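Dear colleague,

I am sending you a protein structure for your studies. Please open it first, and then read the notes below beside it.

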Amino acid sequence: MKNTNFNNQTILVSGGSGFIGSHFIRYILSKYPRIKIINLDSLNYSGSKLNLRDIEKNKKYKFVEGDISDFQNLREVINKHKPDYIVNFAAATHVDKSIHNGSLGFIQANIVGVHNLLEAVKNSPWVKKYVQISTDEVYGAIDLGSKNKFKETTSFAPNNPYSATKAGGDLLCRSYWKTWGVPVIVTHSANNFGPYQYPEKLIPFFILRMLENKKLPLYGDGKNMRDWIYVLDNCRGIEACLLKGKPGETYNIGADNERSNLEIAKMILNYFGKDEAWIEFVADRPGHDRRYSLDWAKIKRELGWRPQYRFKDAFYKTIDWYVKNQDWMKAIKKKEALNPHIKK
């Protein structure tokens with residue numbers, strides 16, 4: 001998927017110091033050595049310069065501290081650097097935080113921030129495409145055992161404040177395309193996993209618990225099902241949307257790797273040589289979606305994308321990375337004391 005014209009462009013990546021954004025920046029710079037990337041990030045609790053310290057001296061990479069919810073600052077950055085493309089990873093993401101700590105911050109990041117980007121792109125004719133990174137959670141939930149999958153045409157039915165605000169941002173994208181022709185594309189990806197993921201998320205959180213010789217707390221019966229995608233496969237899907245995606249379209253990025261939270265816990269226990277006695281079932285959280293399942297036939301058919309990484313290989317490779325990079329874990333924990341995955 002090589003494009004020489006693309007190789008000489010400038011991409012503004014908002015939220016590039018977070019988990020998926022940092023992988024995307026590293027992936028693009030390694031594949032397109034003449035591309036220029038501007039990373040606009042507010043460095044909130046889950047974003048860290050540590051995630052890109054290996055490329056911070058790259059002359060094709062520039063970090064700018066800023067928040068997409070600050071419209072004036074956003075406009076200044078876009079007018080100064082005149083990016084050809086914009087990819088927005090910036091978001092408030094953790095479901096538990098949206099439930100227990102209030103949703104105002106989620107509204108600011110996931111709705112107001114997206115609105116600001118759309119307004120900026122609307123008035124920046126040099127921007128060829130804006131890709132909004134969203135989630136399969138906007139679709140709601142599917143019953144266990146159902147053969148149904150979320151399609152791009154599935155109606156939104158978010159069940160928690162986080163997914164509701166992401167759905168709001170997605171709908172704004174649709175309206176700006178329909179009303180003004182703003183060249184926006186929305187992606188809905190499955191649950192990402194891989195290195196550099198902030199350890200409030202299920203997989204790195206459980207790995208951290210094992211490293212600290214603590215039990216793994218599982219909500220409810222642990223049978224909640226998710227489709228898991230290795231982060232670099234998602235980055236390749238986003239790349240496909242930038243190169244070949246049609247403005248106004250939505251693309252699901254899945255991998256057909258459905259696993260229950262209980263299965264994920266058992267795989268991590270197996271890696272560390274622990275038995276199931278290390279699992280602790282706790283009270284379920286409110287509005288806990290039972291299952292997500294993505295139909296990604298559209299991106300395969302229209303853009304020629306499909307996942308490349310085998311789930312188990314990537315999964316154990318991910319655990320290896322966290323075990324070998326405990327200094328990164330410690331540095332992240334120093335930035336802010338981790339909010340526990342489970343409210344005690």
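Cysteine 235 counts as buried, because its relative accessibility is 0%. Please bear in mind throughout that the model is a predicted one. Cysteine 235 takes part in no disulfide, and the nearest cysteine sulfur, which belongs to cysteine 241, lies 12 Å away. A disulfide would require the two sulfur atoms to be within 2.5 Å. Cysteine 241 is likewise in no disulfide, its nearest cysteine sulfur being that of cysteine 235. With a relative accessible area of 0%, cysteine 241 is also buried. A search of the whole structure gives zero disulfides.

**Overall form**

The protein contains 11 helices and 12 strands. Along its principal axes, the C-alpha trace spans about 60 × 45 × 40 Å. How does the radius of gyration of the protein compare with that of a compact globule? For 344 residues, a compact globule would have a value near 20 Å, and the protein has 19 Å, so the two agree.

Of the 344 residues, 57% count as buried. The protein exposes about 14,600 Å², and carbon and sulfur atoms supply 48% of this area. Among the contacts between residues at least 6 apart in sequence, 83% join residues that are at least 24 apart.

**The nonpolar cores**

The largest nonpolar core has 77 residues, of which Ile11, Phe24, Ile37, Val87 and Phe315 touch the most other members. Helix 7, which covers residues 231–244, gives the most to this core, with eight residues. Apart from this core lies another, of 22 residues, including Leu40, Leu74, Leu118 and Val127.

Which residues is isoleucine 11 in contact with, leaving aside its neighbours within four places in sequence? Among them are Phe6, Ile28, Ile35 and Lys36, together with Ile37, Ile38, Pro83, Tyr85, Val87 and Leu242.

**Salt bridges**

Side chains of opposite charge can pair when their charged atoms come close. In the whole structure, a search finds 14 salt bridges.

Lysine 122 forms a salt bridge with glutamate 119, and their closest N and O atoms are 3.1 Å apart. Both residues lie in helix 4 (residues 104–122), three residues apart, which is about one turn of the helix. Is glutamate 119 buried or exposed? Glutamate 119 is buried, with a relative accessible area of 18%, whereas lysine 122 counts as partly exposed at 30% relative accessibility.

Glutamate 212 and lysine 214 form a further salt bridge, with 3.3 Å between the closest N and O atoms. Glutamate 212 is partly exposed, at a relative accessible area of 31%, and lysine 214 also counts as partly exposed, at 38%.

With kind regards

Terms used. Residues are numbered from 1 along each chain as its sequence is written. This is a predicted model: local features need pLDDT of at least 70, side-chain atom pairs count only at pLDDT 80 or more; totals for chains, interfaces and linings use all residues. Side-chain values use heavy atoms; hydrogens and water are left out. A salt bridge is a side-chain nitrogen of Lys or Arg within 4 Å of a carboxyl oxygen of Asp or Glu. Helices (H or I, at least four residues) and strands (E, at least two) are DSSP runs, numbered from the N terminus. Buried means under 20% relative accessible area, exposed over 50%, partly exposed in between (1.4 Å probe, protein chains only). The radius of gyration is taken over C-alpha atoms; the globule rule is 2.2 Å times the number of residues to the power 0.38. Contact means heavy atoms within 4.5 Å. Accessible areas come from the Shrake-Rupley method with a 1.4 Å probe; for residues, only the protein chains shown count as cover. A nonpolar core is a set of buried Ala, Val, Leu, Ile, Met, Phe, Trp, Tyr and Cys residues joined through side-chain atoms within 4.5 Å.
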